[in-house]
Structures are given as C-alpha cells and as structure tokens.
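Please have a look at the structure first, and then read on.

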Amino acid sequence: MTDTDRTAILGGTFTPIHNGHRALLHAAFQTASHDGPGDGHVVVGLTSSDLATRTRSNPEQAALFGSYAERRAALADELDRLSRAYTASYEITKLTDPRGPAATDDDIDALIASPESKAQRRAHEINRQRLEQGLCPLEVHTAPFVVAEDGTRISSTRIRRGEIDVHGRVLDDHGEGSSPTG
C-alpha cells in the first residue's frame with residue numbers, strides 16, 4: 001500500500017454471511033475505493049472462536065457459529081466475489097479482542113459499523129482510545145440495516161432460528177421460502 005491508499009476496517013463473526021453483512025462489506029469497499037491516487041484497502045476482522053464465546057450473552061451460542069477456519073474460508077470466498085467491483089484490496093485478520101487493530105493502527109482511516117447501538121458504542125470507544133493514544137479518530141461510516149421481506153432486519157440469529165434465509169426471504173415451518181402466488 002502507498003501513503004495515498006485509504007484503509008477501511010470492519011469486524012464481526014460473519015456466520016452465516018447474509019445480505020446485511022454484504023451491505024457492510026460493500027460500504028467498506030466503497031469507503032476504501034476512492035477517486036484519486038491509491039487503490040485503497042479493506043481490513044476485515046474476523047472474530048476468533050474464543051472472542052465469540054467471551055462476548056456473547058449466551059456463550060453456548062458460539063458453538064453454532066462453526067470453526068474459525070470454516071468462517072474464514074466462507075468470508076474469503078465472499079470477499080473474492082465482492083472485491084471484483086472495487087479498486088481496493090482486502091485482508092482478513094483474526095480478532096482476539098473486541099476493538100482489534102482499529103484502536104491502535106495509525107494507517108486506518110475509517111471504521112464501518114452497523115447501526116446497532118452496541119456497534120455504535122464500540123466505534124465511539126475505539127475513537128476515544130485512539131485519541132488517548134495520540135492517534136487521529138476514525139471516520140465512522142454506518143451502513144443501513146437490511147430488512148427481510150417481513151420488514152424486520154436480517155440477522156444471523158434469525159437465520160439460525162430458521163425464520164429467514166441469508167437473503168431475507170421468510171421461511172415456512174419446513175425451512176422453505178414463500179412462493180409467489182399468482
């Protein structure tokens with residue numbers, strides 16, 4: 001990377017990858033890919049299995065996420081597809097603490113966050129920590145919630161419960177999407 005590259009960062013568990021995650025990833029690539037010199041770079045922090053267990057209100061949920069290696073492979077496949085539309089490069093880094101490199105890396109310009117209050121609080125905590133360390137605060141870009149066809153936001157929890165699929169289609173009691181009537 002060069003000094004003119006713009007770096008955006010985001011993090012999460014990314015399991016299963018759904019349209020809400022895709023909106024966050026697109027926002028990161030759009031933020032990093034810019035007019036002018038430099039191609040930009042996206043850093044995606046993928047939550048380690050240990051961190052996922054420690055940060056859940058119900059730690060047993062982490063067992064439903066799959067292994068770090070499986071989640072990393074799925075995320076890499078998704079990033080390979082998405083990145084083709086942008087000039088920015090990307091990398092995946094393992095998150096072992098909730099703030100990750102966003103709190104300490106001087107080369108990062110922007111943080112991409114979901115509109116959830118927990119994510120917004122964490123973004124402000126990261127900027128507070130950066131200021132305490134003499135670093136510039138990050139731009140905070142908030143991607144909008146992506147809603148399912150029932151008008152409620154898409155979430156990994158809803159997908160795991162069998163309410164919706166990764167595209168937000170409502171599933172019936174048999175795990176099948178609703179069919180168009182005609």
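Which residues do ring pairs link into a cluster? They are Phe 29, Tyr 86 and Tyr 90, and point 2 takes them in turn.

1. Some ground rules. This is a predicted model, in which local features need pLDDT of at least 70, side-chain atom pairs count only at pLDDT 80 or more, and totals for chains, interfaces and linings use all residues. Residues are numbered from 1 along each chain as its sequence is written, and side-chain values use heavy atoms, with hydrogens and water left out.

2. Rings of Phe, Tyr and Trp (its six-membered ring) pair if their centres lie within 6.5 Å; planes under 30 degrees apart are stacked, over 60 edge-to-face, and the rest tilted. The count here is 2 aromatic pairs. Phe 29 and Tyr 86 are stacked, at 5.3 Å centre to centre with 15° between the planes. This pair links helix H1 to the loop between H3 and strand E3 (89-95), 57 residues apart; helices (H or I, at least four residues) and strands (E, at least two) are DSSP runs numbered from the N terminus. Phe 29 and Tyr 90 form an edge-to-face pair, 6.4 Å centre to centre and 80° between the planes. Phe 29 lies in H1 and Tyr 90 in E3, so this pair ties together parts 61 residues apart in sequence.

3. Buried means under 20% relative accessible area, exposed over 50%, and partly exposed in between (1.4 Å probe, protein chains only). Phe 29 is buried at 0%, whereas Tyr 90 is partly exposed at 24%. Tyr 86 is buried too.

4. A nonpolar core is a set of buried Ala, Val, Leu, Ile, Met, Phe, Trp, Tyr and Cys residues joined through side-chain atoms within 4.5 Å. The largest has 24 residues, and those touching the most other members are Leu 10, Phe 14, Leu 25, Val 42, Val 44 and Leu 75. Elements giving it two or more residues include strand E1 (7-12), helix H1 (19-32) and helix H3 (68-83). H1 provides the largest share, 6 residues.

5. Around Phe 14. Which residues does Phe 14 touch, not counting those up to four places away in sequence? With contact meaning heavy atoms within 4.5 Å, they are His 21, Leu 25, Val 44, Gly 45, Leu 46 and Leu 75.

6. The second core. A separate core of 9 residues includes Ala 102, Ile 108, Ala 123 and Leu 138.
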